[in-house]
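Morning, everyone. Please have the picture up as I talk.

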Amino acid sequence: MDHLITSPFSFHPANHIPTLCQNFYTQGWVTGTGGGVSIKSGSNIYIAPSGVQKELLKPTDIFVMDHTSQTYLRKPQVLKPSACTPLFLAAFNRGAGCCIHTHSQWAVLVTLLVERDNLSSSSSSGSGRNITDTCFEIEKIEQIKGIPKGRGKEGMLGFFDRLRIPIIPNTAHEEDLTQNLEAAMDRYSDAYAVLVLRHGVYVWGDNVEKAKTQAESLDYIFRLAVEMRRLGVPWIS
């Protein structure tokens, strides 16, 4: 089945995923063997494997799955399928064309700050608030314009709009995140990302370009939010 991953074109998914992973490695998003990328092309889903150094990926390392049957059309024998696969599928089942999972430090730090806020508010009020029921919120930041208004909606968010990214609790195994991820996707149907507490973020888009630019915009916003908190500047005015 090597014809599925053989192409002279740089934007063919089998060639594009290794290029993206090299880029993401330089940004600290896929350190070690963490993180992953998946692209949907027609009825085929191209997926980076698990447990490999992402900056060294080659087209021959890529798994290919049929979206309808969810069976592998191409499965490298010496590599493991991505543990992120069911989470990528959750995005594709909701119309995405690309899904990116990163272990960005800024994404992790933002979830820690929100977790701390929840603990502080529950201590003062006497009523706990589960991390599943909350989200990261920020407004009046120019880079918010890099995020779409929502599925099926025209245009991008504006400077005065409030960006909301749901947060779900982490689990011991990646695939066990699926149920909470899908619930967050449905509850916050306009969101194009879900943060995972103390873990990272999943970002998706209609195509590769949109998913990549949204991941970059969000990482900028997460980093800015961490610095704002350090300086005592509120996220919501």
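Let me start with a term. A pocket here is an open set of grid points with protein on both sides within 12 Å along at least five of seven lines, and its lining residues have an atom within 4 Å of a point. Keep in mind that this is a predicted model.

Now, which element gives the largest share of the lining of the second largest pocket? The answer is α3, with four residues. That pocket has a volume of about 150 Å³. It is lined by 11 residues, and the closest to its centre are V114, D117, T134, C135 and E137. Two elements give two or more residues to this lining: α3, which is 105–125, and β6, which is 135–139. Sorted by class, the lining has four nonpolar, three polar and four charged residues.

On to the largest pocket. Its volume is about 200 Å³. There are 14 residues in the lining, and K149, R162, R164, D190 and A191 are the closest to the centre. What about classes? The lining of the largest pocket divides into eight nonpolar, one polar and five charged residues.

How many cavities of 30 Å³ or more does the structure hold? One. The volume of the largest cavity is about 40 Å³. Find these residues in your view: W29, T102, S104, V201, V203, A215, L218, D219 and F222 line the largest cavity. Six of the lining residues are nonpolar, two are polar and one is charged. Where do they come from? The largest share comes from α5, with four residues.

Last topic: helix packing. Two packed helices are described by the angle between their axes and the distance between the axes. Our pair is α2, residues 85–92, and α4, residues 178–187. Their axes come within 9 Å and cross at roughly 20 degrees. Angles under 35 degrees count as roughly parallel. So α2 and α4 are roughly parallel to each other. Is their crossing left-handed or right-handed? The crossing of α2 and α4 is right-handed.

Which residues make the contact? From α2, we have P86, L87, A90 and A91. From α4, we have T178, L181, E182 and M185. By class, this contact has six nonpolar residues, one polar and one charged.

To recap: α3 gives four residues to the lining of the second largest pocket, α5 gives four to the lining of the largest cavity, and α2 and α4 cross at roughly 20 degrees. Thanks, that's my part.

Note on methods: Residues numbered from 1 in each chain as written. Predicted model: local features only at pLDDT ≥ 70, side-chain atom pairs only at ≥ 80, totals over all residues. Heavy atoms only, no water. 1 Å grid on protein atoms, 1.4 Å probe; cavity = no way out; pocket = protein on both sides within 12 Å on 5 of 7 lines; lining within 4 Å. Points joined across faces, edges and corners; volume = space filled by probe spheres on them. Nonpolar A, V, L, I, M, F, W, Y, C, P; charged D, E, K, R; others polar. Axes fitted to C-alpha atoms, helices over the stretch in contact; angles between N-to-C directions. Parallel < 35°, antiparallel > 145°, perpendicular 65-115°, else oblique. Left-handed = near helix turned anticlockwise from the far one by under 90°. Contact = heavy atoms within 4.5 Å.
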